[in-house]
Structure formats: C-alpha cells, structure tokens
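Student: I have a model open and want to go through its packing. Can you take me through it?

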Amino acid sequence: MDLVAALKQYATDHYNDGGWDVVVECYTDDEIGDRIGDAKTLDEAVDAFDALIDVWRDRQADARNSAF
C-alpha cells in the first residue's frame, strides 16, 4: 500500500478523533502527497499532519463548547 493510501486509511480509522475528518472530507490524494512530502513511514506521514490536525481539533472543540 502506498503512503498516501495508508494515510487516508489512518485518517478514516481516526475520523472521530478530532481533526482527521477534515483530511478524509477535504484532501485529495495529490494534496496529501504534497503534505507528507518525503515521509518514508506512516508515522512520518502522520507527523506531517500533526500541526494541521491540532488546529482542526481545537476549532471543533471550540465549536462544541461555544454558547449560543
């Protein structure tokens, strides 16, 4: 399995973990490939998305916790 497919599967498996749903819903294979760059392992590919996932996790938490 190539690394883009492995990262997509990881994102799907962690869809409800906060932030990974954005990768599943919004990123194309080419965008994932660009983001992971020279990563050689799935762990390196996941690390390439860490900062992005943290931002989306925080935004989702803020949305859940905001008072209307």
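This is a predicted model: local features need pLDDT of at least 70, side-chain atom pairs count only at pLDDT 80 or more; totals for chains, interfaces and linings use all residues.

Student: How many residues are in the largest nonpolar core?

Tutor: The largest nonpolar core has 13 residues, and Leu-7, Trp-20, Val-23, Ile-32, Ile-36 and Phe-49 have the most contacts inside it. Such a core is a set of buried Ala, Val, Leu, Ile, Met, Phe, Trp, Tyr and Cys residues joined through side-chain atoms within 4.5 Å. Buried means under 20% relative accessible area, exposed over 50%, and partly exposed in between (1.4 Å probe, protein chains only).

Student: Which helices supply it?

Tutor: H1 (3-13), H2 (20-26), H3 (29-36) and H4 (42-65) each supply at least two residues of this core. H4 gives the most, with five residues. Helices here are DSSP runs (H or I, at least four residues), numbered from the N terminus.

Student: What about H1, which residues are buried there?

Tutor: Val-4, Ala-6, Leu-7 and Ala-11 are buried in H1. They sit on the same side of H1 because they cover an arc of only 160° around the axis; the arc is that of the directions from the helix axis to the C-beta atoms.

Student: And Ala-45, what does it touch?

Tutor: Not counting residues up to four places away in sequence, Ala-45 touches Leu-3, Leu-7, Ile-36 and Ala-39, with contact meaning heavy atoms within 4.5 Å. Ala-45 is in helix H4 and is buried, at 0% relative accessible area.

Student: Switching to rings, how many aromatic pairs are there?

Tutor: The count comes to three. Rings of Phe, Tyr and Trp (its six-membered ring) pair if their centres lie within 6.5 Å; planes under 30 degrees apart count as stacked, over 60 as edge-to-face and the rest as tilted.

Student: How are Tyr-10 and Trp-20 arranged?

Tutor: Tyr-10 and Trp-20 are edge-to-face, 5.0 Å centre to centre with 75° between the planes. That pair links helix H1 to helix H2, across 10 residues.

Student: Is Trp-20 buried or exposed?

Tutor: Trp-20 is buried, with a relative accessible area of 4%, whereas Tyr-10 is partly exposed at 23%.

Student: Which residues form the aromatic cluster?

Tutor: Tyr-10, Trp-20, Tyr-27 and Phe-49 form one cluster.

Methods: Residues are numbered from 1 along each chain as its sequence is written. Side-chain values use heavy atoms; hydrogens and water are left out.
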